[in-house]
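This report describes how the copies are arranged and how one chain is built. Please keep the sequence and the coordinates at hand while reading.

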4 protein chains.
Amino acid sequence: MCRFTLYLGPDIRLASLLLEPDHSLIRQSTHSREREEPLNGDGFGVGWYARGLAPEPAVFRSITPAWNNRNLHNLARVVASDCILAHVRAATQSSGVNEPNCHPFRYQRYLFMHNGDVGNFRQVRRRMLESVCDEAFANVYGSTDSEHFFALCIDELLGQPLERPPLERLAHALKAALARVVRLVAAHGDDEPSYMNCALADGDHAVVSRYTNATTDSPESLYYFHGALYPAIADATRQAGHASHARHPVIVSSERLTADPDWQPIPPNYMVLVSRGHAPELRALEF
Amino acid sequence: MCRFTLYLGPDIRLASLLLEPDHSLIRQSTHSREREEPLNGDGFGVGWYARGLAPEPAVFRSITPAWNNRNLHNLARVVASDCILAHVRAATQSSGVNEPNCHPFRYQRYLFMHNGDVGNFRQVRRRMLESVCDEAFANVYGSTDSEHFFALCIDELLGQPLERPPLERLAHALKAALARVVRLVAAHGDDEPSYMNCALADGDHAVVSRYTNATTDSPESLYYFHGALYPAIADATRQAGHASHARHPVIVSSERLTADPDWQPIPPNYMVLVSRGHAPELRALEF
Amino acid sequence: MCRFTLYLGPDIRLASLLLEPDHSLIRQSTHSREREEPLNGDGFGVGWYARGLAPEPAVFRSITPAWNNRNLHNLARVVASDCILAHVRAATQSSGVNEPNCHPFRYQRYLFMHNGDVGNFRQVRRRMLESVCDEAFANVYGSTDSEHFFALCIDELLGQPLERPPLERLAHALKAALARVVRLVAAHGDDEPSYMNCALADGDHAVVSRYTNATTDSPESLYYFHGALYPAIADATRQAGHASHARHPVIVSSERLTADPDWQPIPPNYMVLVSRGHAPELRALEF
Amino acid sequence: MCRFTLYLGPDIRLASLLLEPDHSLIRQSTHSREREEPLNGDGFGVGWYARGLAPEPAVFRSITPAWNNRNLHNLARVVASDCILAHVRAATQSSGVNEPNCHPFRYQRYLFMHNGDVGNFRQVRRRMLESVCDEAFANVYGSTDSEHFFALCIDELLGQPLERPPLERLAHALKAALARVVRLVAAHGDDEPSYMNCALADGDHAVVSRYTNATTDSPESLYYFHGALYPAIADATRQAGHASHARHPVIVSSERLTADPDWQPIPPNYMVLVSRGHAPELRALEF
């Protein structure tokens with residue numbers, strides 16, 4: 001299990017999102033509140049889009065904990081972006097702590113991150129790999145359930161009709177990949193429950209699921225924020241000289257970053273669809 | 001603040017000490033019980049003596065947390081030693097997480113580790129360095145209060161009369177270094193309290209202090225174990241074929257490793273003196 | 001491409017093998033002589049058997065270069081073993097530098113390392129994975145051709161008749177895995193040549209191949225040593241108190257460690273079979 | 001000994017400077033041409049100024065080699081800056097490979113990096129530290145001669161008259177620090193020669209020395225470039241949408257990055273003074 005935060009809005013410094021809020025992701029790396037175990041110290045990663053400089057997002061990942069990584073603190077202070085995904089990891093027993101196992105994962109212009117686990121992954125891993133096209137297969141470098149699930153998403157992204165609008169492409173791909181993994185676990189993994197809080201983004205659009213098929217348990221926590229910017233980010237945005245563009249930022253996060261009342265829980269087995277400049281939309285995950 | 005464990009006795013595998021007890025040091029790296037903050041995830045280190053192979057002890061240190069370091073788990077399974085020092089770190093704000101700042105520190109055949117902090121170290125650091133001989137000065141590679149305090153210990157070790165027996169050399173050196181740091185903080189550091197749980201060993205002897213000069217606070221927790229080996233270690237010892245030498249092992253640890261009733265707290269402002277094959281001795285720290 | 005060294009004989013300190021010889025593996029990490037490019041700085045690993053302490057060998061791997069890794073130098077000084085495999089890596093473009101990609105790889109009591117590459121691995125990877133049993137599949141954690149080839153070896157090891165003696169098990173498994181990878185590349189990888197200098201060991205036996213199916217090129221360099229111990233190792237052995245057992249050590253290494261005349265090249269497309277207490281045997285690789 | 005590159009000009013992506021030129025710093029990390037030993041694999045660092053986001057420059061440093069560090073390659077692709085300092089390290093025996101020992105070093109808005117060594121540093125280290133003010137002393141975190149020399153520079157920077165213009169402040173401080181270290185080595189270090197190619201920058205100005213007091217040897221190589229941008233950087237600059245500002249970039253580098261004829265050697269025992277929007281100026285180092 002892990003914690004993550006996704007941001008889509010006007011440019012902000014990474015620090016405004018990851019370090020400065022009262023209950024920022026850095027804080028959650030040692031003191032997360034909505035997991036049984038508060039610690040997420042098995043590496044971290046941050047991905048961001050650099051509009052105008054490169055089509056593919058950057059990814060900075062490390063096996064040391066987020067809270068004491070000087071490079072992260074340095075970068076967070078000086079890098080600004082309008083689409084950011086960040087993740088602090090709590091590794092499950094079966095997969096080691098190394099860079100290929102750190103989130104977010106990238107494929108072309110897409111970023112992906114995950115909080116949860118695929119039911120009975122050891123038994124299902126092989127079926128997951130077998131089910132994807134060569135292009136998706138070639139993007140698997142490590143041994144996490146998360147990266148293998150991302151291969152399903154890539155497979156679904158590549159199979160979408162070209163005329164489908166980008167946000168719908170993401171939403172259809174994530175939903176279809178979720179349905180696939182559930183079927184694979186049912187068939188080959190003794191139907192052990194999966195916990196699939198997943199974020200998939202392309203820089204201007206993102207979908208984030210809050211899902212489990214456990215019958216006696218809730219999905220992992222997940223919230224979204226939309227509205228007037230809360231002070232820490234608003235200040236940072238002004239400081240960065242972008243205050244005039246500060247409209248409609250959306251944050252989706254495993255835990256609320258602040259006490260601001262605009263944070264809303266995402267209902268169990270829903271996903272939230274986020275598009276630059278639009279209000280987020282909730283959509284049920286039924287399959 | 002940190003947690004540490006010292007062992008002196010018959011050969012045991014590192015795993016029997018560091019991984020297998022119910023409340024082992026690895027457990028304490030995520031769930032220490034006797035600190036306000038249970039996390040000790042800012043790197044770790046283990047030092048051990050390899051009798052017959054090398055006069056100087058080995059040190060294995062890493063900036064990643066102890067709980068997820070595969071190399072540590074691998075080593076711990078196959079390395080056995082009759083004198084082991086291990087430490088999990090919780091870095092203070094002022095000093096970075098890098099190998100030179102990980103404990104234990106080594107000088108010739110001596111190992112040293114520390115749980116606590118030197119009062120107002122930023123102001124006192126320079127005075128500490130100025131006060132030591134060139135040999136002790138040259139052994140400082142990083143920026144921790146702990147390594148600077150070890151330089152005081154080295155300075156005191158080098159100044160001991162040659163005819164003094166080894167255990168007394170260690171005890172006199174540690175006590176004198178403690179008195180010196182207290183005086184330096186009084187003179188140059190606004191008398192801010194110091195917390196000095198320190199272990200100093202030479203492979204056959206060790207001294208471990210439980211000390212603070214805070215007037216309204218206790219020293220950090222510290223316990224010692226002496227008696228019949230508790231099951232996990234006894235088993236491991238037998239497994240390693242050394243059961244016949246299994247007499248008088250001593251463990252000194254920030255927290256009790258097991259529920260065994262033979263664990264005893266070290267009284268505040270005392271040190272414990274440990275010598276191979278002898279019962280540990282408590283001695284008051286007065287100066 | 002990479003460099004490696006395998007040792008089977010009486011206990012020696014790792015340093016005697018890896019650090020002290022004139023042209024030790026550490027030296028080869030910066031100044032290898034028999035590759036076009038002298039540098040092997042993309043991580044390293046050492047595996048060794050700890051007789052009496054654990055049935056499975058230990059593995060210590062790191063993504064930093066061997067030449068400047070303090071932990072390696074510390075360990076090498078104090079750890080002795082009677083079967084050692086060590087590897088310095090020069091990563092190919094397609095696979096990242098991270099611990100799961102460092103050699104040697106382990107499965108149960110087996111260790112494996114590789115110098116070379118599987119022809120057209122990107123196209124053949126999937127076929128390799130598909131061809132192995134679930135147990136071998138589950139042992140793949142990273143993205144190197146080497147670890148995928150080891151999965152073929154595991155698959156072949158598991159398929160050997162139980163009554164076959166251990167050395168022959170290793171030899172049959174390695175040879176069969178080589179034949180399989182050659183066929184897979186022929187069928188799916190445009191028959192691009194493979195370079196397969198591979199070491200497979202179980203602690204008391206080892207086989208090491210020097211192989212390529214390139215028609216216009218030689219295999220990577222490979223030598224073996226058998227005879228009176230050369231001085232550095234002889235001294236170290238005496239120092240460790242094992243001189244009386246110092247019979248029949250065998251070293252197999254990508255490059256000669258010393259100027260001793262007892263080093264012999266392994267002929268192209270041969271493997272050498274090594275068994276504790278016996279002279280090494282050369283066997284042609286024909287299939 | 002090491003290699004470094006400094007850039008002052010219009011915004012460019014780090015990759016245009018560090019990765020893409022034929023003989024870029026990444027190339028020099030494995031194949032430097034003007035040192036006896038071509039390898040600079042003991043960690044690296046890059047510092048850059050983020051105009052408008054933060055007053056202090058960012059520093060990204062790592063103990064793994066530059067050539068295989070994925071985070072560096074990722075960052076270099078998306079981070080652009082108008083003042084960049086980058087360094088690949090070849091550690092001397094006496095100082096370990098860890099982040100505090102990686103260049104560039106930072107103090108407030110200043111960055112510093114060094115190629116060379118302070119003569120007989122082990123003997124002179126203590127004298128260097130003693131000679132600086134508390135503020136400069138407190139900025140020393142590691143054990144390199146370079147960082148200790150930077151403390152002399154900080155000491156000199158803090159002692160400059162406030163009315164002195166920024167470029168002259170840098171030039172006076174570097175020259176005075178060089179004179180000091182030469183005197184200290186003469187007095188306490190048996191007059192062993194020092195090699196002091198040093199870069200000191202504040203974001204809009206920089207000074208870079210090429211100096212040795214060896215009587216029978218030249219300083220380390222050092223070149224500067226000023227003129228029409230060479231193609232790789234020009235393209236990158238256009239791509240980043242800053243072509244219209246592309247005037248007067250200056251690069252100072254241990255080795256020429258390209259075959260462009262505009263590269264000029266800096267004469268022995270000179271420094272080059274660089275100021276945004278002005279031609280570089282050479283000045284003799286005499287003291």
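## Symmetry of the copies

For the comparison below, copies are superposed by least squares on the C-alpha atoms of residues with pLDDT of at least 70 in both. Chain C is brought onto chain A by a rotation of 180° with 0.0 Å of shift along the axis, at an RMSD of 0.0 Å. The two copies are thus related as by a two-fold rotation axis. Gly142(C) is the residue of chain C that comes closest to this rotation axis, its C-alpha lying at 2.5 Å. Both copies use the same surface, since 100% of the contact residues of chain C recur in chain A, where contact means heavy atoms within 4.5 Å.

## Basis of the model

This is a predicted model, in which local features need pLDDT of at least 70 and side-chain atom pairs count only at pLDDT 80 or more, whereas totals for chains, interfaces and linings use all residues. Residues are numbered from 1 along each chain as its sequence is written, chains are lettered from A and ligands numbered from 1 in the order in which they are written, and side-chain values use heavy atoms, with hydrogens and water left out.

Chain A contains eight helices and 13 strands, taken as DSSP runs (H or I of at least four residues for helices, E of at least two for strands) and numbered from the N terminus. Among contacts in chain A between residues at least 6 apart in sequence, 71% join residues at least 24 apart.

Along the principal axes, the C-alpha atoms of chain A fill a box of roughly 55 × 45 × 35 Å. Of its 287 residues, 66% count as buried, that is, under 20% relative accessible area with a 1.4 Å probe and protein chains only.

Notes. Buried < 20%, exposed > 50% of the residue type's maximum accessible area, 1.4 Å probe, protein only.
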